[in-house]
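Student: Could we go through this structure term by term, setting each value against the cut-off behind it?

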Amino acid sequence: MTSFLQATAYGLLQGGLLALVAVGFSLVWGVMNVINVAQGAFVVLGAYVGWEMHEWIGLDPFLGMFVSAAALFVLGYAVQRFLINLVVNGPIFITLLLTFGLDLLLVQGMNIVFSADYRGIRTSYASNSLTLGSIRVPVGRLLAFALAVAVTLLLVAFVNRTRTGISIMATGMDRGAARLMGIRARHVYALTYAIAAALAGMAGAMIGTVGTFNPSAAGGFTLMSFVVAVLGGLGNMYGALVGGLVIGLVEAWSGQYLPGTWVYALAFLVLIVVLVVRPTGLVGRAYYTGRQDV
Amino acid sequence: MAGCGSKGEATSPSSASSGTMMIGASVSLTGVLAREGGLTQEGYKLCQDKVNAGGGVDIGGTKTKIDIQYQDDTSKPDVAAQLVDQFNDKGVKLILSSYGSANTEAQAAVIERNGQVMADSAGSDDKIFQKGYTRTFAVLSPATVYAASMISAISELATPKPKTVVFLSADDGFSKTVTEGGMKAAKDQGYTVLPPQYFPNGTSDVSSALTKVKGEHPDVIIGSVHLVEGVAIVKQAQELGVTPLGFGETVAPPTPDFTKTLGAQAENVLGSSQWTTATVGQDAYFGSAKDYAADIQATYGHVADYHNAEASAACLALVLAAQKAGSTQPDQVRNALAALDTESFFGRIKFNSVGQNVYKPMSVIQIQHGKSMTVWPKDAAQAQMIWPATTQ
């Protein structure tokens with residue numbers, strides 16, 4: 001029983017981290033119908049910014065993540081405004097190819113600038129654990145989990161309660177109608193992409209705090225973002241959180257009771273089953289499939 | 001895009017008559033093995049610099065400079081194999097291997113088909129050498145002795161002697177072979193060996209494996225891993241309160257990134273290493289192991305890593321074989337490699353009938369005060385092994 005509870009606790013925390021990685025990916029796909037293959041590269045870039053802040057001025061990664069977020073926000077806004085917006089009216093494969101190219105550029109750029117050395121942001125507390133009975137709860141992962149939940153709630157509040165957020169949702173539902181209402185779609189798209197990149201930057205700082213990273217880790221983060229976003233479903237800001245937690249638990253439980261090499265196969269099996277039973281994902285909204293792109 | 005196959009009909013520019021000995025090297029400069037691939041390339045480059053600094057290698061009375069051509073295999077075995085074909089199409093018959101057993105295994109089959117010759121710097125999986133290949137020669141010790149060397153070191157040096165050991169292993173071929181060799185050695189030396197736990201190669205989450213073994217309270221945890229999994233074992237063991245008497249890991253601890261990433265958590269972790277600065281032996285090009293370490297530091301500004309050393313040693317073997325053969329023709333170099341028996345900064349280089357260097361011992365290192373210190377074998381030890389070696 002202790003093993004089950006420990007695996008469950010760890011799976012939830014790991015799921016929170018996955019959710020944080022994927023929430024921006026889900027947002028961009030849901031709102032703009034852009035599959036952002038560069039998501040993983042943004043996460044790793046955020047980790048490098050957090051690492052540099054820690055190395056240069058000793059900034060704690062839980063503060064450094066705001067620097068990561070700011071840097072990635074600016075980069076994300078520029079990328080969408082001056083690059084992706086040029087082809088955003090094209091088929092989804094065009095934007096897919098564009099972000100794929102962007103991913104290659106960023107990963108190779110990081111290889112050149114930072115080298116392929118593995119890095120991690122060392123803190124005195126991240127690997128320490130709280131003990132709840134016989135269960136250990138790692139502090140670093142707990143904080144990352146709390147951040148994932150907080151980010152999701154703030155995102156929900158932002159898109160539902162602010163004028164800018166409602167503009168984002170409106171543009172995602174029907175770009176033409178949104179334009180007729182006076183919404184500047186290009187700016188809204190750039191803002192959406194910038195927010196997603198900023199969230200990826202924060203996730204990167206957390207990844208760097210509880211694990212290791214180098215440029216080649218980007219592909220894995222993109223793949224996991226894809227799985228989490230599809231599983232959770234698009235069009236609902238809670239989708240990434242739900243998807244992340246489910247994947248985290250599936251990996252933890254399958255790793256506990258089945259051969260450890262089966263975890264990825266089980267995670268993808270769950271994805272397939274969910275999509276067969278519920279094509280919009282666990283909490284996705286079907287109306288997004290009927291979006292109007294004008 | 002890499003070529004689809006080799007015509008095998010080009011004339012050989014590896015001939016010394018042109019005044020240059022051409023060598024092809026497919027290296028992993030991007031992708032998941034970029035870190036190790038970069039270190040491998042550094043080792044190859046240093047070899048070229050050292051050999052050419054003296055005017056080149058004496059081949060049949062002519063001083064011949066070596067020229068290593070590099071191609072990035074993006075850490076993918078199929079690309080690494082295709083690049084060997086491309087080199088063959090250009091007439092480059094002498095090859096230095098890529099990084100890792102998977103890449104090297106893919107290359108070895110092509111090398112055999114094309115009649116090329118490969119000095120293998122980093123493919124140690126015994127399975128590569130069980131396929132009847134006759135043209136691939138590995139300067140490094142076989143995979144089966146990676147973990148076995150740590151078991152032997154613990155048996156010899158640890159007090160109190162631990163009783164139970166468990167292996168946590170990545171699921172790639174190399175790591176599995178390491179685990180099999182280590183488990184056999186542990187059983188032979190009287191340990192109770194718990195069932196091994198496997199996880200996907202390259203994962204940064206080994207929590208399930210640790211949770212499974214936590215209740216068994218193993219005295220020793222051996223990780224058959226690469227750097228990412230190795231770091232994860234130490235980090236997540238602390239998170240989960242898994243506290244054996246000691247950790248041992250292959251590949252990861254001797255890599256400088258291990259200590260840089262883990263800091264104090266890396267203290268006292270044991271690791272197996274193909275080479276250390278305490279390795280006995282020297283040669284005309286690199287001098288001793290200490291000389292080699294100084295050259296790496298001066299040239300690249302970092303502490304010498306065994307991935308550097310094994311790459312330079314593979315290049316050295318190829319150079320010495322060509323020198324001995326008095327030719328750069330692949331068949332003659334191949335025969336000279338098969339007969340090679342020399343001391344070097346990397347230790348003894350000599351190959352058995354299938355092309356493995358089983359004559360060079362592995363070393364066991366321990367991270368002590370942030371530095372990688374050789375603790376076994378005893379005659380090359382730089383420090384006493386600290387035991388219990390738990391990092392908690």
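This is a predicted model: local features need pLDDT of at least 70, side-chain atom pairs count only at pLDDT 80 or more; totals for chains, interfaces and linings use all residues.

Student: Why are helix 1 of chain A and helix 8 of chain A called roughly antiparallel?

Tutor: Helices here are DSSP runs of H or I with at least four residues, strands are runs of E with at least two, and both are numbered from the N terminus. Axes are lines fitted to C-alpha atoms, for helices over the stretch in contact, and angles run from 0 to 180 degrees between N-to-C directions. Angles under 35 degrees count as roughly parallel, over 145 as roughly antiparallel, 65 to 115 as roughly perpendicular and the rest as oblique. The axes of helix 1 and helix 8 of chain A cross at roughly 170° and come within 8 Å, so the two helices are roughly antiparallel to each other.

Student: What makes helix 6 of chain A and helix 8 of chain A roughly perpendicular?

Tutor: The axes of helix 6 (residues 163-173) and helix 8 (residues 185-210) of chain A come within 10 Å and cross at roughly 105°, and these two helices are therefore roughly perpendicular to each other. Residues are in contact if their C-beta atoms, placed from the backbone, lie within 7 Å; here helix 6 of chain A contributes Thr164(A), Ser167(A), Ile168(A) and Thr171(A), and helix 8 of chain A contributes residues including Ala185(A) and Val188(A).

Student: Which classes make up the contacts of helix 6 with helix 8 and of helix 1 with helix 8 of chain A?

Tutor: Ala, Val, Leu, Ile, Met, Phe, Trp, Tyr, Cys and Pro count as nonpolar, Asp, Glu, Lys and Arg as charged, and the others, Gly among them, as polar. On that division, the contact of helix 6 with helix 8 of chain A has five nonpolar, four polar and no charged residues. In the contact of helix 1 with helix 8 of chain A, where the residues of helix 1 include Leu17(A) and Leu20(A) and those of helix 8 include Met206(A), the division is 19 nonpolar, two polar and no charged.

Student: What makes a set of residues a nonpolar core, and which members touch the most others in the largest one?

Tutor: A nonpolar core is a set of buried Ala, Val, Leu, Ile, Met, Phe, Trp, Tyr and Cys residues joined through C-beta atoms within 7 Å. A residue is buried if 20 or more other C-beta atoms, placed from the backbone, lie within 10 Å of its own, exposed if 12 or fewer, and partly exposed in between. The largest core has 94 residues, and Leu20(A) and Met206(A) touch the most other members. Helix 8 of chain A gives this core its largest share, 18 residues. Leaving aside neighbours within four places in sequence, Met206(A) is in contact with Leu17(A), Leu20(A), Met65(A), Ala144(A) and Leu147(A). A second, separate core has 73 residues, among them Tyr99(B) and Ala314(B).

Student: How do you know whether His217(B) is buried or exposed?

Tutor: His217(B) has 12 other C-beta atoms within 10 Å, so this residue is exposed. His217(B) lies in the loop between helix 6 (207-214) and strand 10 (220-224) of chain B, and has a positive phi, near 50°, in a residue other than glycine.

Student: Why is Asn268(B) called partly exposed?

Tutor: With 18 other C-beta atoms within 10 Å, Asn268(B) counts as partly exposed. Its phi, near 75°, is also positive. Lys184(B), in helix 5 (residues 173-188) of chain B, is likewise partly exposed, with 15 such atoms within 10 Å.

Student: Where are the cis peptide bonds of Pro377(B) and Pro388(B)?

Tutor: One joins Trp376(B) and Pro377(B), with omega about 0°, and another runs from Trp387(B) to Pro388(B), with omega near -5°. Most peptide bonds are trans.

Student: What makes up the contact between the chains?

Tutor: Chain A supplies 29 residues and chain B supplies 32 residues. Helix 1 of chain A gives the largest share of the chain A side, five residues. By class, that side has nine nonpolar, 16 polar and four charged residues.

Definitions and conventions: Residues are numbered from 1 along each chain as its sequence is written. Chains are lettered from A and ligands numbered from 1 in the order in which they are written. Two residues are in contact if their C-beta atoms, placed from the backbone, lie within 7 Å.
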